[in-house]
Amino acid sequence: MKISQLIILLFLLVILSIFVGVSDISLLNFLKWDEQQRLVMVISRIPRTAALILAGVGMSVCGLIMQQMTQNRFVSPTTAGSLDAAKMGILASLIFIPQAGLWFKSLFAFGFTFLASIIFLKIADRIRYRNVIFIPIVGLMFGGILNSITTFFAYKNDIVQNVNAWMMGDFSGVLQGQYELIYFSVPAVVITYLYANKFTLVGMGEDFSKNLGLNYRAVMNIGLFCVSLTVSVVVLTIGTIPFLGLVVPNIVSVLFGDNLKNTLPITAIFGAIFLLICDILGRLIIFPFEIPIGMTVGLIGGVIFLILLIRQRS
Amino acid sequence: MSTTTKILILVFLTLSLSGLFLFYNLPNSWEYALERRGFKVASMIVVGCCIAYSSVVFQTLTNNKILTPSIMGFEAVYMLFQTLIVFIYGDQTFQVIKNSGNFFISVGLMMVFALLLFVLIFKKGKSNMYFLLLIGLVLGTIFTTMSSFLQLVIDPNEFLIVEQKMFASFNRMNIDIFWYALGFMILCFIIGFRKLQHLDLISLGRENAINLGLDYNKSIKFYLFIIAVLVAVSTALVGPLTFLGILVTNLTYELFKTYKHSILIPCCCLVSAVAILGGQFLVEQVFNFNTTISIIINFIGGLYFMFLLLKVRKV
Amino acid sequence: MISVDSITKKYSENTVVDQVSMQFPVGKITSLIGANGAGKSTLLSIISRLLKQNNGNIMINDKNLESYKSRALAKQLSILKQSNHLELKLTVRELIGFGRFPYSQGKLTKQDEVKIAEAIDFLDLGDIQDKYIDQLSGGQKQRAFLALVVAQDTDYILLDEPLNNLDMKHSVQIMKRLEQLCKEKGKTIIIVIHEINFASHYSDYIVAMKNGKIIHSGATQDIMNPKVLSEVFEIDFEIIHKSGKQLCNYFY
């Protein structure tokens, strides 16, 4: 598959995504749209599709970068505790400053994710040479701990069900005026693109990258900054989408190889395609209701990951 | 301090904490209260032993001291089942599925899950424990996602039933279930006891164990099965206590610097009983039931886990 | 006698051991030599049932390896692999005691204690027998594991690069002990070894592998020949004859 074909596929899916929904809007007679239809378009359909693309691109690129920085194919926001940290941050902001606005929430989410990523990297660095599979296990356990702390506070404040509801990745709530925060992932992705090769070097270890004259700390921090920013804005606007950052880079690596300069744009496009497909499926399966994206991606992505894992062994 | 002294101290602690539980603030209708409390103490000890045994053995099989079998997805299966029945039956749940029925179905489902996992791994010929664990964790994450989805749809009042199941608790003890759990546990301990020596061999690593004549794959399967039964039983009895295993095993290793499982396992059972009894006592008397035992244990256990990870020597 | 017949081991498309047939002489030291990735260690692991071959048979004392009970085999054959990283609170003596497991299943008898004491003496571990193994230096640890194998008291001893990471003094020490085991107790030893001069000096036979195949095998003096060796290792060799033994110089 070539990149041009992927772009065409993405384009088709975008059209499809815009025109699938409860309100019947036809592409062909767009000149005859009434005010109502135009509103649905502007307020809901277009923002939703934009958010889908941004989240897909952002989370997949994050996954790829984390994999480069740890030199481990199984690391991603799901398997490094990042999603759980963002969730914890949001809850913390709600408890400490109940009337907090979106800005406070994002600041908290970002801070917690950043901190958790640093801790995770520290752990991963210490156990790197043990076993490829061991690092994601530790990451998942790390996430489990963060989650149990979150649940503890949620339980005290009697909001366990609410917290779970916000956190389930869901695009049906994406409306004009409420989702724009996600655009903050754009600069993060751009920076990532510029620094891509340096992240790979950093992943080879501190001594190795210093030997090549790289400012290890700085590059590491930039990487963590981009990842944390993207993860926190996606979690805030959409919720958690498990496995997305994990499976997309791995599928791309199976299909297109491992040269980062080539695969980074492919990973980004593929992430958007993957998310669009999952979202359209989620909207169609129990039409006119929809299954939240966290659930569809969690299932489809989880199963793909399992297949990748089992294939990798034989 | 000699090993015997340490064991005696642990036994003493277990007994005195049990005594404290039984007799502290005993109400006037003491006969009934004593019976209830007796079962509660006994169930704490049973759960402690199940977790201690399964965690020590699991860590030996994986050659890794920061893992615990409960993260392998058992608890996720349990939660998915609990959520599913509430989703289907709503507030009728208790009428449709009796406690003992729930217990047996939960244990059964967790066992089926474990067996599927083992078949999947061992069919490939090689027994890579980390691989097994990661597959279990990923399946666990998938199940958790499904549970969260169902929990969204459940009516908030009915959600309380699910929420109760999310945290381990010794206060909803059901006496019938306790006897079943005790039976399972004793059975596992008896079957496993004869082969305690084999665990010492396994701790030398796969190659050395095979060299010394151990049928390695068979032993691993045997122990994984025992672990699955014990984790399933303790989870179905009181609920998830994810990080207790890591906490108590490592305390035991620190206290008893030995490789012998004939010492490690019984001692870890004692440590674990003390931890649960002490934790529960804190919950009831200090926190006045404002928190749950699983929260305290996950909190302390989780922090301890982080500490262990960060102190690992760079290899 | 250990004999292997057309052993093949593949990892997906990659053939690591390719149709290897060989009979290992009894009561002698046989060295397996060859470049990295030639399949030496894999062959050793297959003979000692640590790995399962895709094809072929292994006969030990005229009985097929697969028809042995693992425990019975542990009294006939022992294997020592190169990596033995253990984080256990286990003393040297306790470790060596494990060598008796095939005989007594963990309950040490008087006879076992005698064998353990012998093994400790044999490798000069008396001073450190009560130390924990995670406190030992590389050389001490290697000796402790070798003592385990000695206590296991099997006719066949297989060793995978036992000199790895050891300095010259400890390497010579270990090789002398192996020689002694062979001469005094009639053990059959098969050893994977990288340092060609050690192989030349201490072994009776040499088996050379390349790309998963045995390309030469024979008595040491026949293999220690510039033509044979440069075929095996693809560098030039000069053989120096010194007091009945051959030494290699390959620093060109």
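Predicted model: local features only at pLDDT ≥ 70, side-chain atom pairs only at ≥ 80, totals over all residues.
Visitor: What makes helix 5 of chain B oblique to helix 6 of chain B?

Guide: Helix 5 (residues 99-122) of chain B and helix 6 (residues 129-153) of chain B pack at an angle of about 135°, and their axes are 10 Å apart. Angles over 145 degrees count as roughly antiparallel and those from 65 to 115 as roughly perpendicular, with oblique kept for the rest. The pair is therefore oblique. Their crossing is right-handed.

Visitor: Which residues of helix 5 of chain B meet helix 6 of chain B?

Guide: On helix 5 of chain B they are Phe113(B), Leu117(B), Phe118(B), Leu120(B) and Ile121(B). Their partners on helix 6 of chain B include Phe131(B), Ile135(B), Gly136(B) and Phe143(B). By class, this contact of helix 5 of chain B with helix 6 of chain B has 10 nonpolar, one polar and no charged residues. Gly counts as polar, and Gly136(B) is among the residues in helix 6 of chain B that take part.

Visitor: Why are helix 3 of chain B and helix 11 of chain B called oblique to each other?

Guide: The axes of helix 3 (residues 74-89) of chain B and helix 11 (residues 216-238) of chain B cross at roughly 40° and come within 10 Å. Only angles under 35 degrees count as roughly parallel, and these two helices are therefore oblique to each other. Phe74(B), Glu75(B) and Tyr78(B) of helix 3 of chain B make the contact with Ala228(B), Val231(B), Thr235(B) and Ala236(B) of helix 11 of chain B. These residues divide into five nonpolar, one polar and one charged.

Visitor: What makes helix 4 of chain A oblique to helix 9 of chain A?

Guide: Helix 4 (residues 102-127) of chain A packs against helix 9 (residues 216-237) of chain A at an angle of about 135°, with the axes 8 Å apart. That angle makes helix 4 of chain A oblique to helix 9 of chain A. Helix 4 of chain A passes helix 9 of chain A in a right-handed crossing. The residues of this contact of helix 4 of chain A with helix 9 of chain A divide into 12 nonpolar, six polar and one charged.

Visitor: How many residues of chain B are in contact with chain A?

Guide: In chain B, 48 residues are in contact with 48 residues of chain A. The area buried between chain B and chain A is about 4400 Å², and carbon and sulfur atoms give 80% of it. Phe131(B), Leu134(B) and Phe149(B) supply 13% of the area that chain B buries against chain A, more than any other three residues. Between chain B and chain A the count of salt bridges is zero, whereas over all chains it comes to 18.

Visitor: Why do the side chains of Lys40(B) and Glu284(B) count as a salt bridge?

Guide: The nitrogen of Lys40(B) lies 2.4 Å from an oxygen of Glu284(B). The cut-off is 4 Å between such atoms, and the pair therefore qualifies. Lys40(B) lies in helix 2 (residues 30-62) of chain B and Glu284(B) in helix 13 (residues 261-286) of chain B, 244 residues apart. The pair thus links distant parts of the chain.

Definitions and conventions
Residues numbered from 1 in each chain as written. Chains lettered and ligands numbered in written order. Heavy atoms only, no water. Axes fitted to C-alpha atoms, helices over the stretch in contact; angles between N-to-C directions. Helix = DSSP H or I, 4+ residues; strand = E, 2+ residues; numbered from the N terminus. Left-handed = near helix turned anticlockwise from the far one by under 90°. Contact = heavy atoms within 4.5 Å. Buried area = accessible area lost by both parts, 1.4 Å probe.
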